[in-house]
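Biologist: Please take a close look at the helix packing in this model. Then follow it out to the neighbouring parts of the fold.

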Amino acid sequence: MTFRFSFDAIKFLAILLAGWAGFLHQPFAGETAHAQTTPFYQGKTIRIIVGFTAGSLYDQYARIFAQHMPKHIPGNPEMIVQDMPGAGSLIAANYVYGAAKPDGLTLGMVGNGVYLDQLLGNKEVRYDVRKFVWIGSVDQRDFVLYMKADTPWKSVEDFFTVTEAPRCGATGSVDPTSIVVNAMQEALGTKVKIVRGYPGGPEIDLAIEKGEVHCRATGISAHFAREPFLTWHGKGFDRHIIQTGAKRDSRMADTPTIYELMDKKKTPDISRGVARVLLASGTVGRPMLATPGMPADRVGILREAYLKALKEPELVAEAKKKRMDMDFLSGEELERLMREVSNQPRDVVERVKRLTE
């Protein structure tokens with residue numbers, strides 16, 4: 001028996017067979033869905049590089065986020081904290097900016113004065129704050145300069161006429177101590193010596209207890225939230241000299257603000273501008289950032305996870321128990337703030353530079 005196919009029939013049969021072969025090579029529906037929806041972060045580890053020592057408040061905040069953020073990241077990755085102290089967190093900032101891969105697996109928590117190092121032209125800066133990926137920030141705060149109570153300086157007025165300047169401990173050129181002391185010097189004309197190079201706040205507080213230095217500045221929220229301050233306050237160990245808020249904190253009703261003193265001293269406008277630039281670090285808070293060049297979808301994932309973690313009842317309860325302030329800025333808000341503080345008139349920048357030389 002002889003079979004004969006027309007050309008059209010052969011063509012139709014070829015198309016049918018090709019389609020059937022394509023169907024056979026397709027993976028099962030479940031396999032396709034898995035391949036397309038496997039989250040990038042699944043099975044991976046995110047590091048938070050902290051620019052200060054273990055036990056510092058930056059380290060404590062980082063560990064809270066490491067515990068709670070992964071729950072809100074698709075793939076539920078592991079998140080660990082790595083402390084990289086030095087130069088007021090400059091080493092950590094340089095590392096996250098230039099050494100870490102821009103894959104969203106390396107985050108940083110650095111000092112709130114990170115923008116000042118760049119603004120002042122610090123030769124050790126290897127980053128541009130306008131290019132960092134800003135995830136968010138907690139602990140927007142005002143500062144307090146505190147001093148060991150048995151020193152000769154009883155109030156800020158004694159800082160104007162001293163024959164021997166008190167020594168205040170600092171981690172670097174843009175930590176809270178340096179910021180507050182420089183703002184006081186520019187706006188009020190006080191005389192204070194800054195002793196830099198301590199790896200973190202706990203080490204400065206130990207130096208105060210030993211009499212190695214006399215004073216230090218830190219956030220008001222931290223000062224009333226943890227040791228050694230809680231014990232110090234009970235023993236009358238320290239004295240509050242000046243605070244940087246627009247109004248007096250209720251816990252330090254007898255401590256003057258720098259703004260009250262600027263009004264009293266009739267501080268010129270340019271010096272007030274310098275003080276505002278310096279003290280903007282309080283608004284920066286304790287920021288979390290990431291390497292420039294990250295894929296946009298991962299930026300969105302991390303920013304969303306940061307904000308969702310802050311609203312977790314467990315995190316809120318833990319922060320309350322530890323007396324940690326959770327006032328926050330979003331990544332977008334922090335990004336705008338960094339652009340603003342990086343764009344200052346030349347005369348203001350030059351005055352700030354002279355203060356930190």
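Modeller: Angles between axes under 35 degrees count as roughly parallel, over 145 as roughly antiparallel, 65 to 115 as roughly perpendicular and the rest as oblique. The model is predicted, so local features need pLDDT of at least 70 and side-chain atom pairs pLDDT 80 or more, while totals for chains, interfaces and linings use all residues. Residues are numbered from 1 along each chain as its sequence is written, and side-chain values use heavy atoms, without hydrogens or water.

On the side of helix 6 the contact (heavy atoms within 4.5 Å) uses Ile179, Asn182, Ala183, Glu186 and Ala187, and on the side of helix 11 it uses Ser271, Val274, Ala275, Leu278 and Leu279. By class, these are seven nonpolar, two polar and one charged (Ala, Val, Leu, Ile, Met, Phe, Trp, Tyr, Cys and Pro are nonpolar, Asp, Glu, Lys and Arg charged, the others, Gly among them, polar).

Helix 6 (residues 176-188) also packs with helix 10 (residues 258-265): the axes come within 10 Å and cross at roughly 20°. Helix 6 and helix 10 are therefore roughly parallel. Their crossing is right-handed, which is to say that the near helix is turned clockwise from the far one by less than a right angle. Here Ala183, Met184, Ala187 and Leu188 of helix 6 meet Ile258, Leu261, Met262 and Lys265 of helix 10. This contact has seven nonpolar residues, one charged and no polar.

The axes of helix 10 and helix 11 (residues 269-279) come within 12 Å and cross at roughly 170°. Helix 10 and helix 11 are therefore roughly antiparallel. Ile258, Tyr259, Met262 and Asp263 of helix 10 touch Arg272, Ala275 and Leu279 of helix 11. Five of these residues are nonpolar, two are charged and none is polar.

Six strands form an open sheet in the order 2-1-3-10-4-11, with mixed pairing (two strands pair if DSSP finds at least two bridges between them). Strand 2 (78-83) and strand 11 (328-330) are at the edges with a single partner strand each, so one side of each has no neighbour in the sheet. From one strand to the next the twist averages 20°. Strand 4 (residues 133-138) and strand 10 (residues 286-290) run antiparallel and are joined by five bridges. Within strand 10, Pro287 stands opposite Ser137. Helix 4 (residues 90-99) packs on the sheet, where it touches strand 1 (45-50), strand 3 (106-109) and strand 10, and its direction makes about 145° with that of strand 1.

Asp83 and Arg63 form a salt bridge at 3.6 Å, N to O (a side-chain nitrogen of Lys or Arg within 4 Å of a carboxyl oxygen of Asp or Glu). Asp83 is in strand 2 and Arg63 in helix 3 (residues 57-68), so this pair ties together parts 20 residues apart in sequence. The structure holds 19 salt bridges.

Two loops have backbone features to note. Asp139, which is not a glycine, has a positive phi of about 65°, and it lies in the loop between strand 4 and strand 5 (143-148). The peptide bond from Glu227 to Pro228 is cis, with omega near 5°. Pro228 is in the loop between helix 8 (220-223) and helix 9 (229-235).

Notes. Axes are lines fitted to C-alpha atoms, for helices over the stretch in contact, and angles run from 0 to 180 degrees between N-to-C directions. Helices (H or I, at least four residues) and strands (E, at least two) are DSSP runs, numbered from the N terminus.
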